Amino acid sequence: YQLLVKNAGEFTLKGGEIRQAEYRIGNTYQGNPETVFSNSKNMVMENGTISGTLQNHNSIEGEPPVFTMKGGTLQSYNSDTFMNSGNAFIEGGNIYIHSVRTSYYSKPTLAARNIIYNDTSTNAANLKVTGGNIAFKDGFDEIDDYSEGWPRGIYNSEGKVELSNITLSKLQYGLYDRGESVLTNCTLAENRIGILVSGNRSDTSNTVLSNGCTVEDNDTGLEVNLYSNVVIEEGVIIRRNKHYGVDLQDGIVTMNGGQIRNNNNGYSGRGGVRLRYGTPKFILNSGRISGNHGQDGAAIYASVGTVELNGGQITKNYCDRYYWDKPMEAGLADKTVCMDGGELIIKDGVKATDIIFGNFYGYPKQAYIQSAKNYLFMTPGQQDSLDAVLYGDDELSYRVKSGEDVVSVDATGMVTAIKPGSATISIKCVDSGAELVTTVEVKDYFMEPAVLSLGRGQSQKIVLMERKTVNN
């Protein structure tokens, strides 16, 4: 169970497989337990497979090792798949962790391992991921209890991580950040925790969520602990998380834009942002907290710490404390922002009602499409709007369900007729799933040049003829 390949020079993997043989101890299937490849200088992976842990560490002559992955597959079973304490660039390929069966017929289990472990124990660890597929390859449907050990996605132990254009899903947590991380255009979905941020006494962790990041359908979207700073920028969406959008168990979260919306719809607890333990701080400079459901504090609930409101909007949230459905008075008395402890600070010159308005008592109503055109009659080249009106806090998506060669539709619901035929267009609420379908008929009409002479009081019907195509 020892190292198979150690590279201290230049190594390029273009195909084939490097692996330890699968082995058994009695009836127990173990998989690949140890490091099979160690890189201490320069390695490029273009294709092929490495089964077992790959370590990028142990620098030569003081220079951090460099690992570049452009394709192929890294995979492991009961150990971390990729351990980096140098410079790593993931541009493509697959990085998997597999489940393990304790016996041939048993249900899969998995010790809580990391798919990628960015570790500074040897060097300064720098990880940049711009593509590829990082995933729990199998067994998720059978491993449904966290205690059985869902694998972890990317664990950043005091290093630097840049993530863009990737999806991390069905994991214990998508990203566990204890260093510095910047995420752009990433999706973290269906995890126990989408992003977990926790620093240490010697160094504060810093995490930035920037344009295009979506944290959705997790148990908790973003959890922030001790010695941590998190910044949420414009274009970030934290939505549909079962318990909390943002759970501050200490640390600081600054919201400069984006949305925290439709969290905790149908689950007990508080929905949007919760502050508990220690001295957490939530700062709202811009952005929108909306559509969240909870008891006291549907948008923000604080038992400790500080809530600072400088701008943005807190609206259309549902507080079910009193179990009736009526508009709430704007301001803090409506319990949308509930301070059970701690301190509320509102920027000088700003009224609470400028930020907190239009919230409700009662169980949340699912967003739906209040009205839209259900039929369009068009000619080629013509444009027309679907004029969809949304009820509730959500966003609308448009797509052609049938007849893609007949019409097109853009993100605003503007329809363009291309050629004669029939088509259907779906108008859908992104979060609630409510849908309407519009039927479109496109016909090509024409008018021959004509002279029409009418005397006083006379009338004559003008008939447009559909253009017919004759194939000889």
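This briefing describes a sheet, a set of salt bridges and a surface patch in one structure.

The structure is a predicted model, in which local features need pLDDT of at least 70 and side-chain atom pairs count only at pLDDT 80 or more, while totals for chains, interfaces and linings use all residues. Residues are numbered from 1 along each chain as its sequence is written, and side-chain values use heavy atoms, with hydrogens and water left out. The model holds 17 salt bridges, a salt bridge being a side-chain nitrogen of Lys or Arg within 4 Å of a carboxyl oxygen of Asp or Glu.

**Parallel sheet**

- An open sheet of 5 strands runs in the order E3-E8-E11-E14-E19 with parallel pairing; strands (E, at least two residues) are DSSP runs, as are helices (H or I, at least four), and both are numbered from the N terminus.
- The edges of this sheet are strand E3 (17–19) and strand E19 (133–136), each of which pairs on one side only; two strands pair if DSSP finds at least two bridges between them.
- Neighbouring strands of the sheet are turned by 10° against each other on average, direction ignored; the axes are lines fitted to C-alpha atoms, for helices over the stretch in contact, and angles run from 0 to 180 degrees between N-to-C directions.
- Within the sheet, strand E11 (residues 73–76) and strand E14 (residues 94–97) run parallel and are joined by 4 bridges.
- Gln75 has Tyr96 in E14 as its bridge partner.

**Salt bridges of Lys373**

- Lys373 forms a salt bridge with Asp384, with the closest N and O atoms 2.9 Å apart.
- Because Asp384 lies in strand E47 (residues 383–385) and Lys373 in the loop between strand E45 (368–371) and strand E46 (375–378), this pair ties together parts that are 11 residues apart in sequence.
- Lys373 also meets Asp387 in a salt bridge, at 3.3 Å from N to O.
- Asp387 lies in the loop between E47 and strand E48 (389–391), so its pairing with Lys373, in the loop between E45 and E46, ties together parts 14 residues apart in sequence.
- Lys373 counts as partly exposed at 27% relative accessibility, as does Asp384 at 22% and Asp387 at 43%; buried means under 20% relative accessible area, exposed over 50%, and partly exposed in between (1.4 Å probe, protein chains only).

- The side chains of Glu435 and Lys401 form a salt bridge of 3.8 Å, N to O.
- Glu435 belongs to strand E53 (residues 435–442) and Lys401 to strand E49 (residues 396–402), so the pair ties together parts that are 34 residues apart in sequence.
- Glu435 is partly exposed at 37% relative accessible area, and Lys401 is partly exposed at 41%.

**Salt-bridge network**

- A network of salt bridges links Glu216, Asp217, Arg239, Arg240, Arg261, Glu395 and Asp431.
- Glu216 is placed in strand E28 (residues 214–216) and is buried, at 12% relative accessible area.

**Nonpolar surface patch**

- Leu452, Leu454 and Ile462 make a nonpolar surface patch of about 310 Å².
- Patches consist of residues with over 30% relative accessible area and no salt bridge, like charges being joined within 9 Å and nonpolar side chains (Val, Leu, Ile, Met, Phe, Trp, Tyr) within 5 Å.
- Accessible areas come from the Shrake-Rupley method with a 1.4 Å probe; for residues, only the protein chains shown count as cover.
- Leu454 sits in the loop between strand E54 (445–446) and strand E55 (465–466), and is partly exposed at 47% relative accessibility.
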